[in-house]
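Please look through the structure shown here, keeping the charged side chains and their surroundings in mind as you read on.

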Amino acid sequence: MEAWRLPLSSSIRGKLISAGYTSLPSISSVSSSDLARDVNITEEEAFEILRLANQSSGSSSCNGSRSLINGAKNAWDMLHEEESLPRITTSCSDLDSILGGGISCRDVTEIGGVPGIGKTQIGIQLSVNVQIPRECGGLGGKAIYIDTEGSFMVERALQIAEACVEDMEEYTGYMHKHFQANQVQMKPKDILENIFYFRVCSYTEQIALVNYLDKFISENKDVKVVIVDSITFHFRQDFDDLVQRTRVLSEMALKFMKLAKKFSLAVVLLNQVTTKYTEGSFQLALALGDSWSHSCTNRVILYWNGDERYAYIDKSPSLPSASASYTVTSRGLRNSSSSSKRVKMM
Amino acid sequence: MSNKLIGEMGLHTKISNIFAARNIITAKDALSMTEFELMELLDVGMKEIRLAITLISEATSPPCQSARSLLERKVENEHLSGHLPTHLKGLDETLCGGIPFGVLTELVGPPGIGKSQFCMKLALSASFPVAYGGLDGRVIYIDVESKFSSRRVIEMGLKSFPEVFHLKGMAQEMAGRILVLRPTSLANFTESIQELKDSILQNQVKLLVIDSMTALLSGENKPGAQRQPQLGWHISFLKSLAEFSRIPIVVTNQVRSQNRDETSQYSFQAKLKDGLQEHTKTYDSHLVAALGINWAHAVTIRLVLEAKSGQRIIKVSKSPMSPPLAFPFHITSAGISLLSDNGTELKGPGINTIHARGHSDMINFHGDCS
């Protein structure tokens, strides 16, 4: 690896290279005081350079024990982790089954569709369902709802919360009749209390908020889902330089992934739709371009098929492509009543 | 928020000066670049950049509220928890009270179906005192196609609220609260709404009606591609106007015919080949809402007015809090009234299509407006 790839300020890098330290082995082989003298920088700066050089070449200076490379995990350990990952139910069992149980935590999932198909509905449903207590099979967590378009209607969240509480009461009444005395029942207003709502009015605020979330979630460790509705809106209108937009969007996607991994939470990004001219005709595609479509780990597309709303797993590292139907009722997302054409595998 | 000055955020003076020296003055300037680019530009180490960006981001982030406090605030501060009643019982029930505050509501339909009539009735009811279900405030009515008729408004008032209207001077007072603007061009309109932004709260404006948005944009004679950025700006502006002034904004939209090769499919749908691929009946006039898909995403509530077999129908095509219901209506001297308060629930394709069959007036297709 070359020395110019190190994340250093350009003047220090320039000095390093002009002093002849062009590759990492050459840097790692000197002591910090020699480096400082040679390159004409301070001792602290030299120490920092050596630390960075050692980090990037992957040589763990201390214990050469379990991992060859710092920070790597072997696939067997990861399998156990993956299997015990909690998932957030969407309240529609068909949809849950094609998602492998629900929206997975530690992952970024993008959900896109035409206006009116139910993206905001899924967002609100997930922010309520993440709060289902562990006794009922949920995560008992809180939700962050980032609203960029003003589509969050709090009356609707209340409707869905009330239906969720009713369903939970039915469930606990049925399963744990003798535990009812000890359990503190959640009320719909409590559910609304646990949804942290942010209203974002420009892409600057959106980027600022993504940066700030690290601190916010450290202070509110029980947040288990971050929903952004929608990721597209501000980036579609206000950004003139498309190349710059792609760079900023990729950085934002990486930050979301980092948040998901660091705090073991699910990140759900809702996206809009645009028309694209490919293969001789106009087709629908998710907005923000081809580069963005690489950024998310999982992608689900919601679409109309005949009379029904369907969800299609467009991109996933472990799930097969499949589609399932769902409906939006006054109580939230549910299975559609027609059982004949529910889940279809590719 | 994005124009917040970096100088006032409490950053270390040294780094603050470095930012200023490179002309990065506001939060927007700093956050529009990636961290790596900033490091290159400012010649400062990654750790310091990260620290600075963390501070800038914290200062620029919007505040957090719980959904519960949102609800409580609406219930306490706003009339009917933030809804403008339309006085159409079935519709008001479906929309949880009426046209919601703070968001864009769209009325779309073929010409002559009753969009302007609906708007005039809404304007009238917003001007009424609270005791009669109004907002007791002023209304700004942007009338692009000269469809506003004061005589008609007074007639509607007399027929639907006779107790109020017959009181002396009431008609004058109510009508006096409706301010009609006739912009001559898009630029004219843009200027007016920008002026409006500051004076809305002081002047007790409680409703903004734009009739119609399509006419404003199509009058510009610009080819499709150039129209998008303009529409984009207006969308953002109107949405933030609605939200910060907490008023309802009602916009009417026209319809256009759908082109043959316009698809509404994703690339994977051809491969799936599932379900019923009904081909829509080719004898039906194939209409869609104008202004494109971006606009369709931006409106929160879409009410479609259409005609099917001679019967006029109003349907809730897009609404986050209501099922897709359709109500038959007719227009009388008192304005629009529903023939039945029990809506019929619509399925799939019926929700988004717009029919104009059996509509006795001439239908002009407005060409390609998107």
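Is N17(B) buried, partly exposed or exposed? N17(B) counts as partly exposed because its relative accessibility is 49%, where buried means under 20% relative accessible area, exposed over 50%, and partly exposed in between (1.4 Å probe, protein chains only). This is a predicted model, in which local features need pLDDT of at least 70 and side-chain atom pairs count only at pLDDT 80 or more, whereas totals for chains, interfaces and linings use all residues. Residues are numbered from 1 along each chain as its sequence is written, chains are lettered from A in the order in which they are written, and side-chain values use heavy atoms, with hydrogens and water left out.

N17(B) sits in helix α1 (residues 13–21) of chain B, helices being DSSP runs of H or I with at least four residues and strands being runs of E with at least two, numbered from the N terminus.

Turning to charge pairs, a salt bridge is a side-chain nitrogen of Lys or Arg within 4 Å of a carboxyl oxygen of Asp or Glu, and by this rule there are 27 salt bridges over all chains. One of them joins R68(B) and E193(A) at 3.7 Å, N to O, and this pair crosses between chains, from helix α5 (residues 67–77) of chain B to helix α9 (residues 188–193) of chain A. R68(B) is partly exposed at 24%, and E193(A) is likewise partly exposed, at 37%.

E243(B) and R199(A) form another salt bridge, at 2.4 Å, N to O, running from helix α13 (residues 224–245) of chain B to strand β5 (residues 195–199) of chain A. Here E243(B) is buried, at 14%, and R199(A) is buried, at 13%.
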